[in-house]
Amino acid sequence: MDTTGTSGVFAREVDEIGRAVEVGFAGGRVISVSFPTTAPADAAADHDLLDRIEAYLAGERDAFDGVATGLTVPTDRREVLEALETIPYGEEVSVSRLTGLAALDADDPDDLELVTDALRENPIPILFPDHRVQGGPYATPGEVRAELRRVEGL
(Lines give C-alpha, C1' and ligand atoms only; values in the text may rest on other atoms or scores of the structure.)
Protein backbone atom coordinates (compact mmCIF):
# COMPACT_ATOMS: atom_id res chain seq x y z
CA MET A 1 0.00 0.00 0.00
CA ASP A 2 1.60 3.24 -1.13
CA THR A 3 0.78 6.19 1.11
CA THR A 4 3.73 8.34 0.07
CA GLY A 5 2.97 11.95 0.82
CA THR A 6 -0.49 11.25 2.24
CA SER A 7 -1.53 13.69 4.94
CA GLY A 8 -4.89 14.34 6.52
CA VAL A 9 -7.73 12.58 8.26
CA PHE A 10 -9.73 9.75 6.73
CA ALA A 11 -12.77 8.20 8.40
CA ARG A 12 -15.87 6.17 7.75
CA GLU A 13 -18.64 4.43 9.65
CA VAL A 14 -18.02 0.71 10.11
CA ASP A 15 -21.06 -1.47 10.76
CA GLU A 16 -19.09 -4.23 12.50
CA ILE A 17 -18.19 -1.93 15.41
CA GLY A 18 -21.18 0.40 15.32
CA ARG A 19 -19.00 3.49 15.08
CA ALA A 20 -16.41 5.11 12.85
CA VAL A 21 -12.76 4.34 12.28
CA GLU A 22 -10.64 7.47 11.90
CA VAL A 23 -7.06 7.37 10.62
CA GLY A 24 -4.65 10.29 10.68
CA PHE A 25 -1.71 10.54 8.27
CA ALA A 26 1.29 12.84 8.17
CA GLY A 27 3.96 12.57 5.50
CA GLY A 28 2.63 9.23 4.31
CA ARG A 29 2.71 7.63 7.76
CA VAL A 30 -0.17 6.65 10.01
CA ILE A 31 0.07 8.75 13.17
CA SER A 32 -3.29 7.94 14.75
CA VAL A 33 -6.22 5.56 14.74
CA SER A 34 -9.33 6.30 16.76
CA PHE A 35 -12.93 5.17 16.98
CA PRO A 36 -15.26 8.19 17.25
CA THR A 37 -19.00 7.67 17.49
CA THR A 38 -19.43 9.18 14.02
CA ALA A 39 -17.04 10.09 11.24
CA PRO A 40 -16.09 13.78 11.15
CA ALA A 41 -17.90 15.56 8.33
CA ASP A 42 -14.65 16.97 6.94
CA ALA A 43 -12.81 13.62 6.84
CA ALA A 44 -12.37 11.86 3.50
CA ALA A 45 -13.94 8.39 3.48
CA ASP A 46 -11.96 6.84 0.62
CA HIS A 47 -8.63 5.31 1.60
CA ASP A 48 -7.03 1.87 1.08
CA LEU A 49 -6.18 1.53 4.78
CA LEU A 50 -9.81 2.11 5.76
CA ASP A 51 -10.76 -0.60 3.25
CA ARG A 52 -8.26 -2.98 4.88
CA ILE A 53 -9.44 -2.17 8.41
CA GLU A 54 -13.06 -2.66 7.41
CA ALA A 55 -12.25 -6.03 5.79
CA TYR A 56 -10.28 -7.03 8.90
CA LEU A 57 -13.26 -6.18 11.11
CA ALA A 58 -15.43 -8.29 8.80
CA GLY A 59 -13.13 -11.26 9.47
CA GLU A 60 -10.43 -11.01 6.79
CA ARG A 61 -7.04 -11.77 8.29
CA ASP A 62 -4.56 -8.89 7.88
CA ALA A 63 -1.23 -8.25 9.62
CA PHE A 64 -1.21 -4.73 8.13
CA ASP A 65 2.20 -5.34 6.60
CA GLY A 66 3.45 -2.47 4.49
CA VAL A 67 1.62 0.20 6.48
CA ALA A 68 4.11 2.91 7.45
CA THR A 69 3.59 4.32 10.93
CA GLY A 70 4.93 7.42 12.59
CA LEU A 71 4.89 6.92 16.34
CA THR A 72 5.11 10.24 18.13
CA VAL A 73 5.76 8.86 21.60
CA PRO A 74 8.83 8.81 23.87
CA THR A 75 11.44 6.17 22.98
CA ASP A 76 10.71 3.93 25.97
CA ARG A 77 7.01 3.76 25.06
CA ARG A 78 7.91 3.23 21.41
CA GLU A 79 9.85 0.10 22.41
CA VAL A 80 6.78 -1.24 24.23
CA LEU A 81 4.53 -0.56 21.23
CA GLU A 82 7.03 -2.13 18.85
CA ALA A 83 7.06 -5.25 21.06
CA LEU A 84 3.25 -5.18 20.98
CA GLU A 85 3.36 -5.14 17.18
CA THR A 86 5.15 -8.53 17.19
CA ILE A 87 2.23 -10.37 18.79
CA PRO A 88 0.67 -12.42 15.97
CA TYR A 89 -2.96 -12.34 14.89
CA GLY A 90 -5.07 -14.57 17.11
CA GLU A 91 -2.58 -14.69 19.99
CA GLU A 92 -2.60 -12.82 23.27
CA VAL A 93 -0.11 -12.05 26.00
CA SER A 94 -0.26 -10.78 29.55
CA VAL A 95 1.02 -7.36 30.56
CA SER A 96 3.93 -9.15 32.26
CA ARG A 97 4.81 -11.03 29.06
CA LEU A 98 4.64 -7.83 27.02
CA THR A 99 6.97 -6.24 29.56
CA GLY A 100 9.48 -9.02 28.89
CA LEU A 101 9.04 -8.73 25.12
CA ALA A 102 9.98 -5.06 25.45
CA ALA A 103 13.20 -6.11 27.26
CA LEU A 104 11.90 -4.72 30.55
CA ASP A 105 11.60 -6.31 34.00
CA ALA A 106 8.09 -7.49 34.85
CA ASP A 107 9.05 -7.44 38.55
CA ASP A 108 9.98 -3.76 38.43
CA PRO A 109 6.99 -1.52 39.26
CA ASP A 110 8.44 1.32 37.15
CA ASP A 111 8.75 -0.94 34.11
CA LEU A 112 5.18 -2.21 34.57
CA GLU A 113 3.95 1.37 34.84
CA LEU A 114 5.79 2.25 31.63
CA VAL A 115 4.10 -0.66 29.83
CA THR A 116 0.61 0.17 31.11
CA ASP A 117 1.09 3.84 30.22
CA ALA A 118 2.20 2.89 26.70
CA LEU A 119 -0.88 0.67 26.29
CA ARG A 120 -3.28 3.30 27.66
CA GLU A 121 -1.87 6.02 25.40
CA ASN A 122 -1.32 3.90 22.28
CA PRO A 123 -1.97 6.33 19.41
CA ILE A 124 -2.36 3.66 16.73
CA PRO A 125 -4.49 0.76 18.01
CA ILE A 126 -5.16 -2.07 15.55
CA LEU A 127 -1.73 -1.51 13.96
CA PHE A 128 -0.21 -1.72 17.46
CA PRO A 129 -2.79 -4.25 18.69
CA ASP A 130 -3.43 -3.52 22.36
CA HIS A 131 -6.52 -5.77 22.17
CA ARG A 132 -4.10 -8.74 22.21
CA VAL A 133 -2.98 -7.95 25.77
CA GLN A 134 -4.89 -9.65 28.59
CA GLY A 135 -5.92 -7.28 31.35
CA GLY A 136 -4.98 -4.01 29.61
CA PRO A 137 -5.26 -1.09 30.05
CA TYR A 138 -6.26 -0.22 26.51
CA ALA A 139 -6.46 2.74 24.16
CA THR A 140 -9.11 0.85 22.17
CA PRO A 141 -12.66 1.44 23.49
CA GLY A 142 -14.22 -1.59 25.22
CA GLU A 143 -16.87 -2.46 22.63
CA VAL A 144 -14.35 -2.10 19.79
CA ARG A 145 -11.81 -4.19 21.69
CA ALA A 146 -14.44 -6.90 22.24
CA GLU A 147 -15.14 -7.02 18.49
CA LEU A 148 -11.42 -7.14 17.62
CA ARG A 149 -10.96 -10.01 20.06
CA ARG A 150 -14.00 -11.82 18.63
CA VAL A 151 -12.68 -11.43 15.07
CA GLU A 152 -9.32 -12.94 16.12
CA GLY A 153 -10.89 -15.72 18.19
CA LEU A 154 -9.51 -14.45 21.50
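Visitor: Which residues of α2 are buried?

Guide: The buried residues of α2 are Arg77, Val80, Leu81, Ala83 and Leu84. Buried means under 20% relative accessible area, exposed over 50%, and partly exposed in between, with a 1.4 Å probe and protein chains only. The model is a predicted one, in which local features need pLDDT of at least 70 and side-chain atom pairs count only at pLDDT 80 or more, while totals for chains, interfaces and linings use all residues. Residues are numbered from 1 along each chain as its sequence is written, and side-chain values use heavy atoms, with hydrogens and water left out.

Visitor: Why is Arg78 called partly exposed?

Guide: Arg78 has a relative accessible area of 27%, so it is classed as partly exposed. Arg78 also has its place in helix α2.

Visitor: With which residues is Arg78 in contact, leaving aside its neighbours within four places in sequence?

Guide: They are Leu71 and Val73, where contact means heavy atoms within 4.5 Å. A polar atom of the Arg78 side chain lies 2.8 Å from the backbone oxygen of Leu71.

Visitor: Which residues touch the most other members of the largest nonpolar core?

Guide: They are Val21, Val23, Val30 and Leu98, in a core of 40 residues. A nonpolar core is a set of buried Ala, Val, Leu, Ile, Met, Phe, Trp, Tyr and Cys residues joined through side-chain atoms within 4.5 Å. Its largest share, five residues, comes from α1. At least three residues are drawn from each of domain 1 (8–58) and domain 2 (75–152), the bounds coming from an automatic or database domain assignment.

Visitor: How much area is buried between domain 1 and domain 2?

Guide: About 1200 Å² is buried, of which carbon and sulfur atoms give 72%. Buried area is the accessible area (1.4 Å probe) that two parts lose on being put together, summed over both. In domain 1, Val33, Phe35 and Tyr56 lose the most area to domain 2, together 49% of what that side buries.

Terms used:
Helix = DSSP H or I, 4+ residues; strand = E, 2+ residues; numbered from the N terminus. Polar contact = N/O pair within 3.5 Å; in protein donor to acceptor, adjacent residues only side chain to side chain.
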